Each structure stands twice: as structure tokens, then as C-alpha cells.
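Colleague: Please take one part of this model and go through it slowly with me. I'd like to hear how helices pass one another, in plain words.

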Amino acid sequence: MKDYSLEQKKELRDKIIALQEQSGLSGNEFATSRLGFTNGSKFSHVRNNWDKQGLVGIETWEVIEKYVQKTENYRIIPTANLKKVWETCERAYALKKPMAVVGEGGFGKTTALEKYKEYIESQRRFKVVLFDASMVKTNKQFIEGLMRALDCYKPGTMAFQLKEMRAYATSKDLLVCIDEVSAREGHSITIIKDVMTALKDICGIVFTGTPYFINNLNKGAIRDKHLFSETRDRIFMLPEQLNKPTAEEAEAIFRANGITSKEELDILLGRKPEFIPHSWLAKRTFRGIRDCIDLLKMAELPAIDYSSITF
């Protein structure tokens, strides 16, 4: 287990406090929603007793270090896709309607939602609930997972839980974002009809997923499958379509992450044919752009001295 010097602890403490203050969240809110702590007392000790023996455990420092590294290792820019997701969220919230955003994997849907949630929290405008639908298998788990994300979970039948969800949302100012909804395969996608019905005119909902989400609804509706047409009809207007990143966006992201030399940019942007397999053109997604940045970092790692190893 890694140990931390007093200097390292102070540096991590200062950085995490700065991130908490920037977030607009209270210490307790930041500790639970961003760091995953079960209570805020750990964060209080980090703030006030970071240098006292035994009050902040090694595991806590490890969590903080990973979070700080996550915020420093990769910087994003306001891409066209991010703007589409944010604008959809704004419209869904203002109109209290369910809306959809679709795009292939790696087009930045999840990142855009996460950054939108962070931004709204920093502005203290309203609550953004972000639920990852890929983490559940059954419709029952879907409803229970959404309730836990809303922080209103109660055991019971799905009909009872949907009523509880509506009652909770009625008293709150919030936007519900359901990510990876395309993980609901076949007929299981119709569970979102019940969610849209339960939250109708109460709060906005944003569904994000791959094109399979809408294609599945359309095919089911054309074949007159049970509940498919009713589910599709409840989504407000046509879904927003995301696109592949542009070369200009790729370069802007590279520069935002400290890659500015012409030689490195020529390689990563595919301007040298012999290096195209190592450029973002090998995977034309935002995930591919980030892979390129990680590839450069990997190249900077110290080499293993195999000459000193014996078996």
C-alpha cells in the first residue's frame, strides 16, 4: 500500500479543496457524489485534520489522488457534440419533456452529461440526476437503479416504485439524464414508457444511447409490437444526432492537453501516412483522440531494464 509524505498530503488536500469549492457543492455533497464516500466526515478530516496522525487513512488519500489525477490528465473542449447534449438538456429541463440524443460509441455522450452535471452543480441551478442504464439487466433493476440515483429508493412493486418516484420528483427541481439507454435490448426498452409516464410534466428527461435505441423503437413500432409505438410517441420531437469529431476538434483537444509541437501534431493528426495507424484517424471518435493522448504518455514511461532481471 502506498504511503504519503506530509508534503504530498498537503498538495492533495489543497487540490481537492480547490476542486470542491469550484464545484459549488458543500463538503458533504462533494464527498458523497464525487468521491464516493459514505459520509462527509472523511472530507471534513481531510480539510481540517489532514496532518494529524491516523485521522485520514491511506485509502482516503488514494481515492483523492485518483480523482485529482482524473481532473488533470485529460482536458476537454466545448465540441459540437457537447453543445448538442447541453442544449438538449436545457430544453428538456425548461419544457419538462423527455428528449433523446443518439450517437455511436465514443462520440462523447457520457462525458458531455458528466460535464453538464458538474456545470449545473457549480451554478446551483437545479439537481441533475445521472443514471447509467448499462449497469442493470432487468426492468426491475432499471427502476430500482433509477430510484437510487434519484435518492428515493423504496422496496416494492414497480407500480409502487413509479408512484414513489413521481411523488419525490414533484417536490424537487431536477433533470433526469438516463445514459446508455441503448443497453435495453428488444422489448425491455419499453420500460422507459413507464418512466416517462410517471414523470410526465414533472421534470425533463434526457435519454442518450447509440442509434440502436431509436432503431429498436422504430422497428418495433413498424411491426406493431406491443408498447413500442406508445414508447416512441412519448419522446418529444426527433432525437438529436451526434457526429464524428472533426480534424479541427481533434487538434484543439490535443493542444488543450499540452500537445503543441508540430512533429507530434503531424503524427497524431495523420499528416504522416506512415503513422496513420497511431493517429486519431485509426479510430475517429473522441475516445480515439484520448487514446492518442494516452499513447504519448505511455511513450514517456521509463523502459524496463531487462538486463538486470534473472529468472
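Modeller: A crossing counts as left-handed if the near helix is turned anticlockwise from the far one by less than a right angle, and as right-handed if clockwise. The helices themselves are DSSP runs (H or I, at least four residues), numbered from the N terminus. Keep in mind that this is a predicted model: local features need pLDDT of at least 70, side-chain atom pairs count only at pLDDT 80 or more, and totals for chains, interfaces and linings use all residues. Residues are numbered from 1 along each chain as its sequence is written, and side-chain values use heavy atoms, with hydrogens and water left out.

Let's start with helix 1 (residues 6-23) and helix 3 (residues 41-48), whose axes come within 9 Å and cross at roughly 120 degrees. (Axes are lines fitted to C-alpha atoms, for helices over the stretch in contact, with angles from 0 to 180 degrees between N-to-C directions.) That angle is why helix 1 and helix 3 are oblique to each other; under 35 degrees would be roughly parallel, over 145 roughly antiparallel, and 65 to 115 roughly perpendicular, with the rest oblique. Helix 1 goes past helix 3 in a left-handed crossing. On the helix 1 side, the contact (heavy atoms within 4.5 Å) uses Arg13, Ile16, Ile17, Gln20 and Glu21, and helix 3 brings Phe43, Val46 and Arg47. Sorted by class, the residues of this contact are four nonpolar, one polar and three charged. Here Ala, Val, Leu, Ile, Met, Phe, Trp, Tyr, Cys and Pro are nonpolar, Asp, Glu, Lys and Arg charged, and the others, Gly among them, polar.

Next up are helix 8 (residues 158-170) and helix 9, with axes that come within 9 Å and cross at roughly 40 degrees. Helix 8 is therefore oblique to helix 9, and their crossing is right-handed. Met158, Leu162 and Arg166 of helix 8 do the touching, together with Ile191, Asp194, Val195, Thr197 and Ala198 of helix 9. Five residues of that contact are nonpolar, one is polar and two are charged.

Finally, look at helix 12 (residues 247-256), where you'll find Glu251. The axes of helix 12 and helix 14 (residues 286-299) come within 10 Å and cross at roughly 35 degrees, and this crossing is right-handed. Glu249, Ala250, Ile253 and Phe254 of helix 12 meet Phe286, Ile289, Cys292 and Ile293 of helix 14. The contact of helix 12 with helix 14 has seven nonpolar residues, no polar ones and one charged. What about Glu251? Leaving out residues up to four places away in sequence, Glu251 touches Leu265, Leu269 and Arg271. For a sense of distance, Glu251 and Val101 are 150 residues apart in sequence, and 25 Å apart in space, C-alpha to C-alpha.

Notes:
Helix = DSSP H or I, 4+ residues; strand = E, 2+ residues; numbered from the N terminus.
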